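Have the viewer open as you read.

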Amino acid sequence: MEQSAPHAGTGGDRAPHSLRNSLSVYLCSELESPGERQKAGRMFGAVVVGIGTAGWVRIRDMLAPQPGSHAEQLSVRGFISRRSLDTQQGVGQITLEEALSRKDIHAAFVCTENVAHEDNIRTFLQAGKHVCVEYPMTLNYKAAVDLWDLALEKGVVLHEEHIELLTEEYKILKREVEGKVLKEGTLHFTGGSLKPGFGFPGFSGIARLTWLVDLFGELSVTAATMEEDSGNCIKMTAKLVTCENRPLTWIEERGPGLPRAKNINFQFNSCTLTQTPPAPRGSVGLFMQDLIHFSAKLAGQVSPEEIQREKVRILHCLELAEKIQQLCQS
């Protein structure tokens, strides 16, 4: 995920056969056990991996969860960092080996640089721990498929955070778009330069791609280009089409001093939207909303249909991002 923030066609329906047909295994092995924990009133111990913005917020939210929510069943047991650090918000540092072996640690929150997500996820899944990871979970599509297969094999939850879908502005935008017939559209994101380790812009900016997929459904990539200059400025442009062959353009532009902004131009048969609707700040923080959703999965309180929709969407976006990268580098 972008730590600076407080934060060839492809298709989700074409996910590998093993993914499409593993839902019954998931329900038996992953949902029943956490559900039993909930009935017994047991807590889920958690470790936070990486103490940047997201990691710090994860600790804060577990120490003060939303009253009455499933997040109250999570208890932070420690954090892991490459650096030797003092206690963070009263939580002590532990080693990776300790986190993997302790019986009172059931879940890991992976909040490292994007390039380190895959290895951390695999390590905790292999140890039978649930994983919540900041987007993107991997920097290539096949690795994500393999990790989800591993989660299914181990009977644990693998959850990728997408707080961009939880913002009030996005919820209003989605209601505005619902039922309208798209003619064409553009989503242009600008922001400051990213530190090393966040990957190709198609992956580091996958939140914007997720917006487009969630709004307009399955997409295909038709073209993509990347412009770079010596001033550490980059501009990625991806041409996409919907299932109805309606064109969409996604531009991801980053450089020193660029303001963080999302500019839209969605043309419909009935109207044109040129700005995201103004929206008040929600009463529950974005990371807290995601924490509640993850903990509800641990408690077996999220429907299998919703879990499967999330998985299909996430894998579809990762596959699109990989195709965009291939076209930019060809």
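## Two helices, end to end

Before the first stop, a word on angles: axes are lines fitted to C-alpha atoms, for helices over the stretch in contact, and angles run from 0 to 180 degrees between N-to-C directions. Keep in mind too that this is a predicted model. With that settled, look at helix α6 (residues 141–154) and α11: their axes come within 8 Å and cross at roughly 155 degrees. Since angles over 145 degrees count as roughly antiparallel, α6 is therefore roughly antiparallel to α11.

Who does the touching? On the α6 side the contact uses Tyr-141, Ala-144, Val-145, Trp-148 and Leu-152. Facing them from α11 are Lys-311, Ile-314, Leu-315, Leu-318, Glu-319 and Glu-322. Sort the residues of this contact by class and you get 8 nonpolar, no polar and 3 charged.

## The parallel sheet

Next up is an open sheet of 5 strands, ordered β2-β1-β3-β4-β5, with parallel pairing. β2 (74–80) and β5 sit at the edges, each pairing on one side only. From one strand to the next, the twist averages 20 degrees.

Zoom in on one pair of this sheet: strand β3 (residues 107–110) runs parallel to strand β4 (residues 130–133), and 4 bridges join them.

## The mixed sheet

There is also an open sheet of 6 strands, and here the pairing is mixed. Its order reads β7-β8-β9-β6-β10-β11, with β7 and β11 as the edge strands, each pairing on one side only. Where does the parallel part come in? Strand β9 (residues 247–254) pairs with β6 in the parallel sense over 7 bridges, and Gly-185 has Leu-248 of β9 as its bridge partner.

Antiparallel pairs turn up as well. Strand β7 (residues 219–228) and strand β8 (residues 234–242) are antiparallel over 9 bridges, with Ala-224 standing opposite Ala-238. Strand β6 (residues 182–191) is joined by 8 bridges to strand β10 (residues 261–268), again in the antiparallel sense, and there Leu-187 stands opposite Ile-264. β10 in turn is joined to strand β11 (residues 272–273) by 2 antiparallel bridges, with Gln-267 opposite Thr-272. β10 and β11 form a hairpin with 3 residues between them. Lying across these two strands is α7, which runs at about 10 degrees to β10.

## The second largest pocket

Which element gives the largest share of the lining? That is α11, with 7 residues. How does the lining split by class? It has 12 charged, 7 polar and 6 nonpolar residues.

Most residues other than glycine have a negative phi, and most peptide bonds are trans. A few places here go the other way. The peptide bond from Tyr-135 to Pro-136 is cis, with omega near -15 degrees, and Pro-136 lies in the loop between β4 and α6.

Two positive phi values are worth a look in the viewer. Gln-89, in the loop between β2 and α4 (96–101), has a phi near 55 degrees. Asn-232 has a positive phi near 65 degrees, and belongs to the hairpin of β7 and β8, which has 5 residues between the strands.

Definitions and conventions. Residues are numbered from 1 along each chain as its sequence is written. This is a predicted model: local features need pLDDT of at least 70, side-chain atom pairs count only at pLDDT 80 or more; totals for chains, interfaces and linings use all residues. Side-chain values use heavy atoms; hydrogens and water are left out. Ala, Val, Leu, Ile, Met, Phe, Trp, Tyr, Cys and Pro count as nonpolar, Asp, Glu, Lys and Arg as charged, and the others, Gly among them, as polar. Two strands pair if DSSP finds at least two bridges between them. Angles under 35 degrees count as roughly parallel, over 145 as roughly antiparallel, 65 to 115 as roughly perpendicular and the rest as oblique. Contact means heavy atoms within 4.5 Å.
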